[in-house]
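User: I would like to go through some terms used for this structure. Please set each value against its definition.

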Amino acid sequence: MFIVNSEKPYTYEAMQADLKLLAGEYGFLHFFSLGTSVAGRSLSAVRWGDGSKRIFLNGAHHAMEWITSMLLMRMLEEFSHQYAEDTAIGTIHFRSLFRELSLVFCPMVNPDGVNLEINGLTDDLPPLTRTRLKAYNGDSTDFTKWQANLNGVDLNHNYDAGFEKGLFMQHRLGIYGPGPTRFSGASPESEPESKAVADFTRSFRPHVAVAYHTQGEQIYYDFESKSTERGKKMAAAMAEISGYALDTTDGMASYSGYKDWVINDFYIPAFTIEAGFGENPLPLSQFDKIYHDNLKMLLYLVGF
């Protein structure tokens with residue numbers, strides 16, 4: 001029986017409850033926070049392992065992609081269970097891996113947006129915030145297609161990687177201010193969530209970084225032809241393992257994302273994995289397939 005429940009939408013509160021249960025079950029995990037969101041919610045993170053090889057995984061930059069938070073939490077639980085039982089999956093022996101690897105999970109980069117997408121304009125939001133968000137959303141109270149944070153900024157367009165080019169593309173699409181998606185913000189890292197993730201990346205100095213999104217069953221691995229040969233090789237292997245397609249972005253999607261910034265600034269393998277297939281938010285009926293496809297890719301990454 002899994003602690004992480006995949007049968008209902010995954011709110012911030014559901015994740016926090018699961019983190020508390022995981023802490024009680026697995027005392028070897030290290031829990032911390034990268035920072036706080038616009039509304040003051042913790043950007044909860046967990047480190048599995050204490051080795052020198054460093055990998056950083058994050059999910060739910062986009063609010064309606066909250067199934068990626070559930071995915072990361074379930075993979076964290078899988079790794080923890082395997083370690084506690086002193087078992088292996090294939091050639092991966094988790095007790096040995098724990099000594100070699102520091103694997104950090106930040107399952108929910110955008111907790112305010114996730115709760116807004118799932119719950120709508122709840123009473124705990126200040127009246128002025130409710131009014132502002134409704135205006136950002138085209139005067140609609142239906143937030144089921146919301147991607148941004150509470151400031152109406154798309155967090156995965158708020159990093160310093162071709163930011164000005166992204167703004168140009170954004171303006172060509174008629175986007176000049178806060179809204180449900182694609183607004184890059186006033187400047188790179190203007191938002192507390194993206195700033196916290198970037199600050200942690202700078203301090204942690206991962207050897208590999210992965211941002212989980214939905215949908216399309218695709219792996220993005222490059223930014224302006226700067227991907228390393230190692231990154232290309234890893235992406236090709238993950239595609240073969242999972243059946244996901246290798247792809248490159250175009251238009252506005254080519255700029256100011258987390259993966260783009262990591263490749264540009266750190267010259268390490270970094271990936272955007274678009275899990276699942278269909279229309280966001282993806283139905284929970286896809287979760288088991290998403291989990292198994294992505295667990296296989298993660299097992300490859302930790303053993304690379």
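**Terms and cut-offs**

Analyst: Apart from neighbours within four places in sequence, Phe 163 is in contact (heavy atoms within 4.5 Å) with His 157, Asn 158, Ser 184, Gly 185, Ala 186, Ser 187, Pro 188 and Ser 256. This is a predicted model, in which local features need pLDDT of at least 70 and side-chain atom pairs count only at pLDDT 80 or more, while totals for chains, interfaces and linings use all residues. Residues are numbered from 1 along each chain as its sequence is written, and side-chain values use heavy atoms, leaving out hydrogens and water.

User: Why is Phe 163 called buried?

Analyst: Buried means under 20% relative accessible area, exposed over 50%, and partly exposed in between, with a 1.4 Å probe and protein chains only. Phe 163 has a relative accessible area of 4%, so Phe 163 is buried. Its place is in helix H6, residues 163–172; a helix here is a DSSP run of H or I with at least four residues, a strand a run of E with at least two, both numbered from the N terminus.

User: What makes His 62 buried, and which side chains make polar contacts with the His 62 side chain?

Analyst: The relative accessible area of His 62 is 8%, so His 62 is buried. His 62 lies in the loop between S3 and H2. A polar contact is a pair of N or O atoms within 3.5 Å; within protein, one must be able to donate a hydrogen and the other to accept it, and residues adjacent in sequence count only if both atoms are side-chain atoms. The His 62 side chain has such a contact with the side chain of Gln 147, at 3.4 Å, and with that of His 213, at 3.4 Å.

User: How do you know that H1 and H2 are roughly parallel?

Analyst: Axes are lines fitted to C-alpha atoms, for helices over the stretch in contact, and angles run from 0 to 180 degrees between N-to-C directions. Under 35 degrees counts as roughly parallel, over 145 as roughly antiparallel, 65 to 115 as roughly perpendicular, and the rest as oblique. The axes of H1 (residues 12–25) and H2 (residues 67–85) cross at roughly 5 degrees and come within 11 Å. H1 and H2 are therefore roughly parallel. Met 15, Asp 18, Leu 19 and Leu 22 of H1 meet Met 73, Leu 76 and Glu 77 of H2.
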